[in-house]
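Thanks for coming, everyone. Let me put the structure up, and then we can walk through it together.

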Amino acid sequence: MTPDLIAFFVLALIAIAAALGMLLGRNVVYSALFLVLNFGTVAVFYILLDAPFIALTQVSVYAGAIMVLFLFVIMLLGTETLPVSKALPWQRPLAFVLALILAGEAGYLLFFRKVTSGTIPQPVQTFGSPQAVGQALFNQYLLPFEVTSVLLLIAMVGAIVLTIKEKGGQGK
Amino acid sequence: MFTSTTFLSILPETLILILGVILLIVEPFWKVKDPSSGGDEQRRNAGWLTAGGLFAVLVISVLVGRPGDPTSTFGSSIRFDWLGFFFKMLFIFGAGITALLLMDHEKVGRRGEAYMLLLASTIGMCLMASAADLITLYLAIETTSIPLYVLAGFMLTDEHSTEAGFKYLLFGAMTSAIMLYGFSLLYGFTGTTNLYALADAFKSGQLAAPVMFGLIVLIVVGLGFKVSVVPFHFWAPDVYEGAPTPVSGFLSTASKAAGFAVIARLFLVVFHDVAVDWAAVFAILSAVTMTVGNLLALPQKNLKRMLAYSSIAHAGYAMIGIVAVSKLGITSVVFYLLAYIVTNLAAFGIVMTVGRVTGSDEYDAYRGLSRRSPWLALVMLAAFLSLAGMPPFGGFIAKVLVFAAGIQANYIWLVVIGILNSIVGLYYYLNVLKYVYLFRMEKEDEEAHPIAVTRPYAIALVVLVLGIILLGTVFAPWFGFSNAAAMNLF
């Protein structure tokens, strides 16, 4: 067992446990925190795969920005604990059937079909490195990059428009 | 890397962005004393600035920003050619007229943010027309849609408007996710995001037929939503009805034309060599769209809903030109969209003008319009006859070209369906004119209830009517422009 493999299995266990904890948790805040843990472990996976840029993006965007937003929304709505859920009557049987189908497919592919993955070409060493991403972003994809800034400006204007309280009647 | 062509290729977008930033900075401080509300300081209406600015952008772009031979700029993110340029000018024209129509909208007109959103959406459309890379294309589509979601739901106190905004957002987000899935598969199978490099990959036939068909279906879902083709049309009537009227007009014209610009480029450049596969699907979509749109327009009693269904039907007609997969086909689509934008904006302009005074968009509000405001009724006559495809208006030439392209490509059955549908269309357009010209207001003297047309509306409607007549009579130069645009795809 190489150190990488050991690290992978430990992380995999943590990731799965965190995902289960998120699904089964009764308290929404705990669920959200479990999801942060899950995102964090996935970020470490990316580092194991030599993709530091995606790893940092995962941490800053998903674990950072998005999850903090989630927690804020949960706090603002004040729905820390879930009400007793009223599951639809057909939901459980359907979920069971679908899960069986998925397990069957996975089993078939694993045991009965000889999958030959072929030779996957090794990506160049710098593929996906922050430098390479930066080079591509500010040369070939300069225009899309700038367009996103327009998009963000519009998102701000739109958010203000949709949340501002009108001072009764016409004009403000 | 940067040459003057590079900057010329995004000249309209840059100018619109500058205009938008000026608007955002100036508008809050730009106040006048309004005598009508007791001398309180009121924000000055930013509509003149927006509309004037957009027409200035139009003029500057036509004078200096014309493309030469098709070139790729910005690391081939942008294709600088006549097709993109012609569509850009159309969008800017449409946005300018929409800004004029927004000005006297009671709830929207005095808020500068609305104009900013309109400008941003126009930037997105311009990029949609010239994008040559899947990433740019997707960002352009989102830049177009997101401001429109907000604009559709702009009137927060009006539950119809809120519903419209929300419905548009949900439909838009879902279809755009499906389309993005298609784009990602396209990249996964070919390893490139550039449209022209993708075209080479398709030429060499490295994709299996079922994969390709699946990809095309995924992409059609997203674009079909933008142009409201039939299985993806459910949002259109509710959104058009609930959104502020000028915004509905913008949605049904410029936004739809932008969708067609993307369809034309994507399908004639990337999927050109597999045209036999998708042309048949598009033919069926076109036939169903025309028929469903026209039949559902028949029982409507609300003019905005009727125009929504009619705009679905028009997407079907325009699609015949795409189905034809020929130079004449694309020329006819471009011309059709030109005529349709001018005509339908006029139709929505009238709905706005009348709705502002009567407060209703039902057919009954139009009783005796010819006596209340003869000139307005005349504009309405021109717009609706053009929508129905009557000479000497632009809609007639547009329909002739589209049907001619269909016949040239041997889609006789499709053209027959199209002509039958035009007859259905004529019925419900004339039905509205019946209210305008033949019916009278009950127990009222119509001349005592004139409909005031404010200056921005008068300017917009006059420009549009001149356009409708010009397109139907002196159509050769417009046909020439459309043809030059279409040439760039072959």
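Chain A has six helices and zero strands. Read along the sequence, the pattern is simply α-α-α-α-α-α. One thing to keep in mind from here on: this is a predicted model.

How much of chain A is buried? Of its 172 residues, 20% are. Now look at the contacts in chain A with a separation of 6 or more. Residues 24 or more positions apart account for 57% of those.

Next, the nonpolar cores. The largest one has 190 residues. Four residues have the most contacts inside it: B:Leu266, B:Phe271, B:Trp278 and B:Phe384. Which helix gives the most to this core? That is helix α14 of chain B, residues 327-358, with 19 residues. There is also a second, separate core of seven residues. Among them are A:Val28, A:Leu35, A:Met67 and A:Ile74.

Let me zoom in on B:Leu266. Leaving aside residues up to four places away in sequence, B:Leu266 touches B:Leu137, B:Phe183, B:Leu195, B:Ile219, B:Leu223 and B:Phe271.

On to helix packing. Two packed helices are described by the angle between their axes and the distance between the axes. Take α16 and α18 of chain B, residues 374-388 and 412-437. Their angle is about 170 degrees, and the axes are 9 Å apart. Over 145 degrees counts as roughly antiparallel, and therefore α16(B) and α18(B) are roughly antiparallel to each other.

Who makes that contact? From α16(B), the list includes B:Ala377, B:Leu381, B:Phe384 and B:Ala388. From α18(B), it includes B:Leu426, B:Tyr429, B:Leu433 and B:Tyr437. By class, we have 15 nonpolar residues, no polar ones and no charged ones. You have met B:Phe384 already, in the largest core.

Now the charged side chains. Side chains of opposite charge can pair when their charged atoms come close. How many salt bridges are there over all chains? The count is nine.

Start with B:Glu113 and B:Arg111. Their closest N and O atoms are 3.7 Å apart. Buried or exposed? Both B:Glu113 and B:Arg111 are buried.

Then turn to B:Arg305. B:Arg305 forms a salt bridge with B:Asp238, at 3.1 Å from N to O. This pair links distant parts of the chain, 67 residues apart. B:Asp238 sits in helix α10, residues 235-242, and B:Arg305 in helix α13, residues 303-323, both of chain B.

B:Arg305 also meets B:Glu241 in a salt bridge, at 2.5 Å from N to O. B:Glu241 lies in α10 and B:Arg305 in α13 of chain B, so this pair ties together parts that are 64 residues apart in sequence.

What about accessibility here? B:Arg305 has a relative accessible area of 18%, so it is buried. B:Asp238, at 24%, counts as partly exposed. B:Glu241, at 28%, is partly exposed too.

Which residues join up in a network of salt bridges? They are B:Glu163, B:Lys167, B:Asp238, B:Glu241 and B:Arg305.

Last stop, B:Asp361. Where is it? B:Asp361 is in the loop between α14 and α15 of chain B. Its relative accessibility is 19%, and the cut-off for buried is under 20%, so B:Asp361 counts as buried. Beyond residues up to four places away in sequence, B:Asp361 touches B:Lys301, B:Asn302, B:Leu303, B:Lys304, B:Val351, B:Gly355 and B:Tyr366.

That is the tour. Over to you.

Definitions and conventions:
Residues numbered from 1 in each chain as written. Chains lettered and ligands numbered in written order. Predicted model: local features only at pLDDT ≥ 70, side-chain atom pairs only at ≥ 80, totals over all residues. Heavy atoms only, no water. Core = buried A, V, L, I, M, F, W, Y, C linked by side-chain atoms within 4.5 Å. Buried < 20%, exposed > 50% of the residue type's maximum accessible area, 1.4 Å probe, protein only. Helix = DSSP H or I, 4+ residues; strand = E, 2+ residues; numbered from the N terminus. Contact = heavy atoms within 4.5 Å. Axes fitted to C-alpha atoms, helices over the stretch in contact; angles between N-to-C directions. Parallel < 35°, antiparallel > 145°, perpendicular 65-115°, else oblique. Nonpolar A, V, L, I, M, F, W, Y, C, P; charged D, E, K, R; others polar. Salt bridge = Lys/Arg side-chain N within 4 Å of Asp/Glu carboxyl O.
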